[in-house]
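Me: I have a model open and want to learn how to read it. Can we take a few features in turn?

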Amino acid sequence: MADGEIDIQALEKGFRAAALKDGQAVFYQFLSLLDDEIHAPQCPQCSALLTKIAQRGKTVVSLLGTGKYQRTYFKCPNGCDSYIPCDMMIGIEGTAYTPGVRYAVSLLASTGSFEWTSSTLTEMTDIYISPKEVQRIAESAGEKIEAQNKEYIDTVRRPESSQSDFSESTSPSGVSNATLYIEYDGTGIPMVRKELAGITGKQPDGSAKTREAKIGCIFTQSAFDEKNDPIRDDNSTSYVASIENSDEFGWRVYAEAVRRGFEDYARTVVIGDGAKWIWGSADEHFPHAIQIVDFYHAKEHLHELTRSLFSNPEKQENILEDWIKNLQSGKIETLAEKILGVTGLSEELSKKALTEANYFKENADRMRYAKFKKQGLFIGSGVIEAGCKTVIGKRFKQSGMFWSLMGANSMMPLRCADLSCNVSLASYFAPKSDYKISKAG
């Protein structure tokens with residue numbers, strides 16, 4: 001206190017430190033007492049009763065600080081291996097960090113850089129973990145999440161599997177009146193040089209600075225606003241993302257749709273841009289879904305085309321307005337004819353016009369926007385566009401960041417788990433053990 005002023009923040013920190021000190025002693029004493037509760041555990045390999053060898057201390061970092069607890073080593077009488085059941089039960093086998101610390105680190109690292117995570121953790125908890133160790137903890141957590149994702153995907157891919165065996169129930173009746181939307185996109189992630197060998201890109205020499213991360217999102221819609229436009233349901237969006245080929249990613253999106261119980265919805269809609277891999281995946285995995293090319297992506301095609309074909313700004317504007325009316329009404333064949341009907345073009349521009357006309361022809365049934373609007377459907381891929389920025393951009397495209405393939409594919413499952421509606425990131429850090437606690441004696 002100086003001149004009658006009280007530094008409340010300093011007092012808070014002081015009281016917090018005192019409380020943590022007392023809590024820390026009790027916490028580590030409690031962990032040691034847990035070891036006494038483990039009686040005659042079985043070997044996870046041969047089920048023989050394990051033999052007690054010795055009790056040793058282990059230094060552990062928890063949210064209460066660093067401390068030591070005592071636990072017992074056991075050995076299999078048949079020579080399988082040695083085990084420390086209490087470490088397994090608590091969730092610190094092979095690590096010095098408790099599940100609470102690993103969750104806190106991973107949650108922060110899913111949002112900001114490893115350096116930022118390290119400094120923020122220290123500021124908020126007085127626990128220092130180096131940026132390199134933060135990276136190791138977060139990537140390890142992401143790898144475990146991805147391993148579970150892969151196991152689920154592999155199970156769904158088995159020929160004998162039924163999607164109903166894995167889906168989440170959507171309603172007591174088994175059928176929801178909501179519409180389920182599935183959206184795909186891709187966005188570049190800056191990579192270290194060694195990960196770009198043989199990758200073609202948009203640089204003048206044909207090289208690349210990024211690799212495409214594919215991203216998918218699934219959400220539901222069951223209500224409309226005062227203008228009768230569809231509204232995405234709150235807390236209904238889940239994400240998947242990875243740097244992998246389109247076939248593998250197609251299965252990843254399909255598995256997430258299965259998890260969300262897509263066959264229990266009255267309607268399923270797939271929205272994406274004009275990329276052929278998206279529609280190939282949609283045809284394979286969601287053959288009965290309504291397919292829609294993002295209206296704003298199609299509209300941008302027309303903007304670019306009129307700028308290329310016509311030099312007069314007034315003519316550009318007039319023709320663009322007419323063509324957009326055809327697009328909005330879903331008269332795609334008429335639009336394609338108008339594009340091909342432009343005369344006086346150079347050979348290069350004629351080829352461009354033909355390419356764009358074919359783009360609209362090939363996607364005509366996915367561009368019946370007037371019909372889709374009448375059905376009360378979204379016609380834009382705003383959710384996945386926002387997902388590219390939120391899921392990928394905000395974490396993987398920060399200033400100065402360059403990723404390895406392994407690092408990016410480790411962190412994306414963590415990021416998706418943090419932002420998805422149907423996943424609790426904390427659940428991935430819950431200890432799992434093959435040993436049951438029983439009272440000694």
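Me: Which residues form a nonpolar patch on the surface?

Reply: A word on the source: this is a predicted model, where local features need pLDDT of at least 70, side-chain atom pairs count only at pLDDT 80 or more, and totals for chains, interfaces and linings use all residues. Residues are numbered from 1 along each chain as its sequence is written, and side-chain values use heavy atoms, with hydrogens and water left out.
A patch takes residues with over 30% relative accessible area and no salt bridge; nonpolar side chains (Val, Leu, Ile, Met, Phe, Trp, Tyr) are joined within 5 Å, like charges within 9 Å. Accessible area is from the Shrake-Rupley method with a 1.4 Å probe, and for residues only the protein chains shown count as cover.
Here the patch is I6, I8, L11 and F15, with about 440 Å² of accessible area together. I6 sits in the segment before helix 1 (8–36). Helices are DSSP runs of H or I, at least four residues; strands are runs of E, at least two; both are numbered from the N terminus.

Me: How many salt bridges does a search of the whole structure find?

Reply: Side chains of opposite charge can pair when their charged atoms come close. The cut-off: a side-chain nitrogen of Lys or Arg within 4 Å of a carboxyl oxygen of Asp or Glu. The search finds 16. One of them joins D126 to R16, with the closest N and O atoms 3.6 Å apart. That pair links distant parts of the chain: D126 is in the loop between helix 4 (114–125) and helix 5, R16 is in helix 1, and they are 110 residues apart.

Me: Is D126 buried or exposed?

Reply: Buried means under 20% relative accessible area, exposed over 50%, partly exposed in between (1.4 Å probe, protein chains only). D126 has 60%, so the residue counts as exposed. R16, at 32%, is partly exposed.

Me: Which residues lie nearest the centre of the largest cavity?

Reply: A cavity is a set of points, on a 1 Å grid over the protein atoms alone, where a 1.4 Å probe fits but cannot get out; lining residues have an atom within 4 Å of a point. The lining here has 17 residues, and N149, Y239, V240, E256 and R259 lie nearest the centre. Helix 5 gives the most to this lining, with four residues.

Me: Where do E256 and R259 lie?

Reply: Both are in helix 6, three residues apart, about one turn of the helix. E256 is buried at 7% relative accessible area, whereas R259 is partly exposed at 22%.

Definitions and conventions
On a 1 Å grid over the protein atoms alone, a cavity is a set of points where a 1.4 Å probe fits but cannot get out, and a pocket is an open set with protein on both sides within 12 Å along at least five of seven lines; lining residues have an atom within 4 Å of a point.
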